[in-house]
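Please keep the viewer open as you read.

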Amino acid sequence: TECKSSPNSDIRKPGSIWSHSVFAYSQQKELTSKKRDEFEDILEERRQSSDLRYAMKCYSPVIYKGLSACKPSAIKDSVLQSEQVQYVIKQLSKEMGESTDIIQEEAIEILDEMGHNLHIGAIRFFAFSLSKIFKRLFQRVCVNEEGIQKLQQAIQEHPVVLLPSHRSYIDFLMLSYLLYTYDLALPVIAAGMDFLGMKIVGELLRRSGAFFMRRTFGGNRLYWAVFAEYVKTMLRNGYAPIEFFLEGTRSRTAKTLTPKFGLLSIVMEPFFKREVFDTYLVPISISYERILEESLYAYELLGVPKPKESTSGLLKARKILSDNFGSIHVYFGQPVSLRTLAYGRVDRCPYRLVPRHLPQKLSEDIQEFVTDVAYKMELLQMENMVLSPWVLIASVLLQNLPAIDFELLVEKTLWLKGLTQAFGGFLEWPDNLSANKAVTSSLALHSNIVSLVNGQVVLNDVRMENGATEELVFKQALSILMCGAYRNQLLNVFVRPSLVAVALQMTQSFRKEEIYSCFIFLRDILYDEFIFFPGIALKDFEEGCFLLTKSDVIQVTPQEILVTERGNSVAVFLAALFRPFMKGYQIISRYLSKEAKEAFTEKQFILGIRNFAFQLLQTGSTQCYEVLSSDLQKNALAAFVRLDVVKKMKTTNGFTYTVNKEALNKTAEMFGKCISYWYTS
Amino acid sequence: PKDSVCTMAQGTCLQGLQGPRAWPVRWLSGRGQEILKWNGWGYNDSKFIFNKKGQAEFTGKRYRLSGMVLPVLKEWMEKTLGASLEHKITSRAFLNTSDVPPSIVSEEFLQDLRASKISYSQEAEDRVFRAHGHCLHEIFVLREGMFKRIPDIVVWPGCHDDVVKIVELACKHNLCIIPIGGGTSVSSALECPADERRTIVSLDTSQMNRILWVDEKNLTAHIEAGIIGQDLERQLGESGYCTGHEPDSMEFSSLGGWVATRASGMKKNIYGNIEDLVVHIKMVTPRGVIEKNCQVPRMSTGPDIHHFIMGSEGTLGVVTEVTIKIRPIPEYKKYGSVVFPNFERGVACLREIAKQRCAPASIRLVDNAQFQFGHALKPQVASIFTSFLDGLKKFYITKFKGFDPNELCVATLLFEGDREKVLQHEKQVYDIAAKFRYDFQGILFLIWSEILNYIFCYRVIDLCRNVKERIVRECKEKGVQFAPFSTCRVTQTYDAGACVYFYFAFNYRGISDPVHVYEQIERAAREEILANGGSLSHHHGVGKLRKQWMKESISDVGLGMLKSVKEYVDPNNIFGNRNLL
């Protein structure tokens with residue numbers, strides 16, 4: 001079996017470009033301090049000079065070599081006249097028996113609805129107003145200037161695709177703002193259609209380069225063709241960098257979401273067809289000390305529907321303008337050459353034998369490649385996410401509910417700081433402040449979540465009493481989910497060593513083989529919850545073991561893994577970090593075995609589990625508030641489907657699910673082990 | 001003139017041109033002792049030199065450019081490649097025969113050979129001359145080192161029957177035969193496999209060079225395969241005919257070689273490629289002689305056996321006689337050229353011409369880099385008036401028409417036929433070109449050397465850009481200090497696609513193993529072409545240089561088919577040059 005090859009033996013490496021080598025982590029620690037020095041606060045200058053002059057500055061960005069400027073209307077024309085779109089129009093006309101003119105009209109409508117209308121006036125307006133807004137909202141906006149320089153170089157060489165992380169609506173406003181500040185070409189942005197509902201803002205966004213896509217258009221071939229061709233035309237000609245979010249939507253939990261592949265495969269296609277020599281993919285990590293939408297997200301996760309984006313809604317949001325949201329760190333990663341990634345991987349392209357304008361299904365090879373690239377880019381994003389002290393505080397706090405002594409909190413936070421750095425976390429710690437002050441200022445920034453009462457730090461509204469009312473449970477859940485979103489930022493760094501720690505506890509064994517198979521089970525279960533590079537479970541395991549060994553938590557021999565005496569408390573902490581997930585999944589599996597109906601829809605499932613969990617929480621038979629998170633619930637359902645515990649079937653109106661009781665019992669047993677340990681410990 | 005070495009190793013391109021010493025070879029017989037370079041392309045007397053004034057000059061009397069001073073070439077070399085006269089490498093002037101591997105031939109075979117009265121030679125010069133084609137590494141070895149393995153003996157059969165005898169003897173004594181025609185291969189096809197233990201016989205077809213008969217009714221001629229292209233055209237021309245097959249190498253390459261490599265000619269638009277021209281082939285194989293029973297334009301008798309022969313690259317046998325189509329010499333020829341604002345417009349125009357099926361005998365589109373190189377080869381102008389005219393033309397195109405001199409590109413055209421039809425045809429083509437913005441121009445381009453050539457459909461622009469870019473990048477990565485000369489031209493248009501030549505040259509100053517670097521870059525460029533949907537070869541063939549991509553190119557089954565033919569025809573691998581498969 002796979003687990004026989006021990007971490008000490010020769011490791012199979014799937015090619016240098018792909019390997020997230022363990023050594024990267026050891027190097028990263030030294031890099032961390034270097035990286036921090038690179039950051040430049042761009043708001044500093046804004047606070048000192050005129051915003052108006054800044055908005056009216058001479059803006060002449062560098063452009064892709066050999067590019068001749070082109071009006072948005074000309075781009076639309078060329079999309080409409082392209083062989084690809086014309087082909088689909090003709091096909092549809094044949095199939096539906098309608099004249100091509102009518103379908104062509106439809107295509108024009110789609111294009112108008114979608115197309116951007118980049119306009120310097122709108123950009124200047126944004127530059128001015130965003131300066132005002134950002135200065136009010138944020139203390140600092142820090143950018144790594146070296147990354148900006150690399151990007152500037154890349155834009156001139158090859159078409160560029162910007163891939164930022166997505167935590168807030170601020171993301172793309174901020175990115176365009178930064179590029180304007182540094183005199184770089186403004187990106188065109190694939191944004192969700194829901195923005196179009198915001199009348200003035202939608203149009204302003206369009207004029208500042210956003211183009212809009214419908215959230216779902218799987219079935220509509222004309223839409224797909226027009227959209228894909230639009231993106232590719234922008235890319236091929238290098239009119240502007242393309243920007244979109246691999247995660248597809250804002251992550252409500254601050255965990256990186258599993259990537260979506262549609263847009264990525266569109267922007268990769270011109271390279272596969274060799275219509276461009278290369279394409280640069282630029283991972284961008286945007287980290288917020290305090291997320292603007294934090295409470296909104298928590299409400300959403302608890303099932304209070306998301307308010308539709310509207311201009312009036314935005315105006316109401318004005319009250320947050322008086323609030324302080326700390327700093328933002330934007331890290332522009334090294335541009336990654338698609339050509340280099342593809343080297344030796346997709347040589348046999350199906351595009352050689354078929355005219356290039358025919359729509360084609362991606363071959364399995366290419367699909368796999370696109371998947372790998374997507375995961376790779378997300379891992380690169382995560383690597384450069386900046387962790388604030390508050391992330392550490394939140395993690396400690398959630399393990400010490402309902403309250404913790406302030407001194408103890410500082411001590412534990414400092415301890416966690418050391419561990420985080422040892423694990424290669426990219427930590428932004430205010431060196432000029434004492435630890436006490438650093439923690440105090442973090443608590444102040446997040447005073448909506450925590451308070452300092454009589455030397456005790458408490459999570460607001462959380463009392464941890466049995467027999468609470470539904471309203472109280474809801475309030476507590478809100479606080480815990482908000483706090484959890486910050487702890488989650490740490491999990492990206494901790495997931496591999498933590499899962500090893502969890503496996504150690506679950507198996508209560510020293511045998512490496514057993515621990516590894518448990519690790520695989522955990523990784524499989526949590527595959528949608530965290531980002532793992534496809535297919536390299538062994539590497540993840542080895543990485544986890546490596547980090548734990550490095551921090552002197554475990555000792556690894558060819559057959560055994562032993563927890564050191566000193567390491568025991570660390571292992572307990574690491575495992576406890578993931579307890580909410582394990583608990584949550586266990587509760588869900590319990591729900592499925594007891595309560596679930598014969599066949600149910602996702603909606604029914606979520607309603608059902610929510611009621612079930614509320615009851616448990618009200619009676620105090622569990623303290624796991626995070627099971628109320630619809631994100632966790634959906635991920636769990638997907639995991640159970642993946643593990644064949646739940647069967648997913650397509651029906652006329654969506655999907656229904658049925659439970660495979662036998663498989664469910666087995667899985668529940670696995671959870672049982674883990675949980676029983678926690679109860680006894 | 002074509003000088004592959006000159007092109008490839010530009011930094012020291014002067015090395016081979018510094019008065020190589022002539023030494024006698026038996027070649028091009030019947031025209032006295034015509035002398036070819038022993039270590040490069042073409043005639044001994046035609047070469048680029050720098051005269052006492054430090055100006056570039058082309059010597060000899062054979063070509064339009066011969067004897068002319070090329071005042072801007074030096075500057076072009078300095079500017080484009082960073083070459084400088086201070087960095088000259090002088091290669092050796094003549095062959096050192098003591099380095100040459102000894103000739104190992106059994107006495108029994110020699111006795112049989114003498115009995116058959118076929119002339120042969122074991123001289124070192126004769127054997128080295130036939131041990132190579134004109135790939136860069138081969139020429140480099142000639143100038144700097146020595147081949148590991150060369151033919152042990154050269155034989156000159158005089159006719160088909162002589163070839164039959166030689167092949168029989170080879171079977172009897174278990175020898176390896178490597179046929180050679182004009183020796184202009186650029187695919188390592190003539191290189192002797194280094195581990196060949198048997199005696200290698202170089203079978204030189206140059207003495208089989210007669211036109212056996214001409215059938216004026218059916219417009220065919222029956223010709224011995226060793227005849228060299230220019231001799232063939234000249235001799236047919238004496239009776240008012242031509243084949244119209246004009247590969248760039250036609251001064252030196254042979255009819256048999258064309259057949260064996262599936263050659264293509266510049267004027268294929270009128271006359272067709274070799275597969276369209278050939279009516280009948282006679283080939284001697286270890287199994288016996290293969291030929292069809294009649295001389296007809298078409299047969300429906302299963303797969304055409306000619307297609308096993310054309311492109312077999314000397315792996316199956318020796319082509320001895322060929323019946324080929326002939327045409328009356330056209331009454332009127334007219335050259336022309338068209339300027340386009342950029343390469344994209346030029347390609348679009350060529351595509352339109354192909355679509356309307358009105359391509360002239362030859363139409364070639366060179367990119368901007370080659371256009372500029374063409375200018376660099378412009379001779380010193382004789383009078384103030386011509387220089388004035390040149391200036392006017394330049395002014396007209398760049399200022400009046402607004403073409404960017406660093407973007408514009410040129411198509412050269414050749415029309416052939418009746419005077420009236422040519423003029424009509426010309427008008428038709430120029431009318432199409434007018435839609436793509438053109439202008440006439442009187443610049444004559446010299447044909448330079450090729451390195452790669454490929455055919456593909458519809459993807460010309462992307463492919464050209466990607467391959468050129470890849471070459472530039474690879475050069476940079478491999479430590480080439482100066483930007484390479486990386487350029488291309490579209491040389492043929494087809495109903496379903498086009499053929500593109502890529503050229504590249506780099507200055508290898510400061511690189512310890514330039515040949516290896518060159519080969520890596522060439523390999524990368526070829527992979528780029530394949531990745532872009534191009535083919536492995538349009539007409540130079542596979543040889544040993546491109547063998548590794550054959551399976552990918554024609555599929556496992558395809559390769560197996562060819563192998564099984566080889567196995568049947570030549571089970572003992574007498575024709576052991578190891579090309580193709």
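In which strand is the place of B:Tyr501? B:Tyr501 sits in strand 20 (residues 497-505) of chain B; helices (H or I, at least four residues) and strands (E, at least two) are DSSP runs, numbered from the N terminus. An unreviewed UniProt entry puts the feature "active site" at B:Tyr501; UniProt positions follow the numbering used here, feature names are shortened, and annotations may be inferred rather than shown by experiment. With a relative accessible area of 5%, B:Tyr501 is buried (buried means under 20% relative accessible area, exposed over 50%, partly exposed in between, with a 1.4 Å probe and protein chains only).

Some ground rules before we go on. This is a predicted model, where local features need pLDDT of at least 70, side-chain atom pairs count only at pLDDT 80 or more, and totals for chains, interfaces and linings use all residues. Residues are numbered from 1 along each chain as its sequence is written, chains are lettered from A and ligands numbered from 1 in the order in which they are written, and side-chain values use heavy atoms, leaving out hydrogens and water.

How far does the predictor trust its own work? For the complex it gives an ipTM of 0.80 and a pTM of 0.85. Chain B has a mean pLDDT of 84, with 87% of its residues at 70 or more (pLDDT is the predictor's confidence in each residue, from 0 to 100). Residues 1-33 of chain B, though, have a pLDDT below 50.

Staying in chain B, look for an open sheet of five strands in the order 8-9-13-11-12, with antiparallel pairing (two strands pair if DSSP finds at least two bridges between them). Strand 8 (211-215) and strand 12 (288-290) of chain B each have a single partner strand, so one side of each is left without a neighbour in the sheet. Three bridges join strand 11 (residues 278-285) of chain B to strand 12 of chain B, and B:Thr285 stands opposite B:Gly288.

Now over to chain A. The largest nonpolar core has 165 residues, of which A:Val330 and A:Phe332 touch the most other members (such a core is a set of buried Ala, Val, Leu, Ile, Met, Phe, Trp, Tyr and Cys residues joined through side-chain atoms within 4.5 Å). Helix 20 (residues 470-507) of chain A supplies the largest share of this core, 21 residues.

Note on methods:
Contact = heavy atoms within 4.5 Å.
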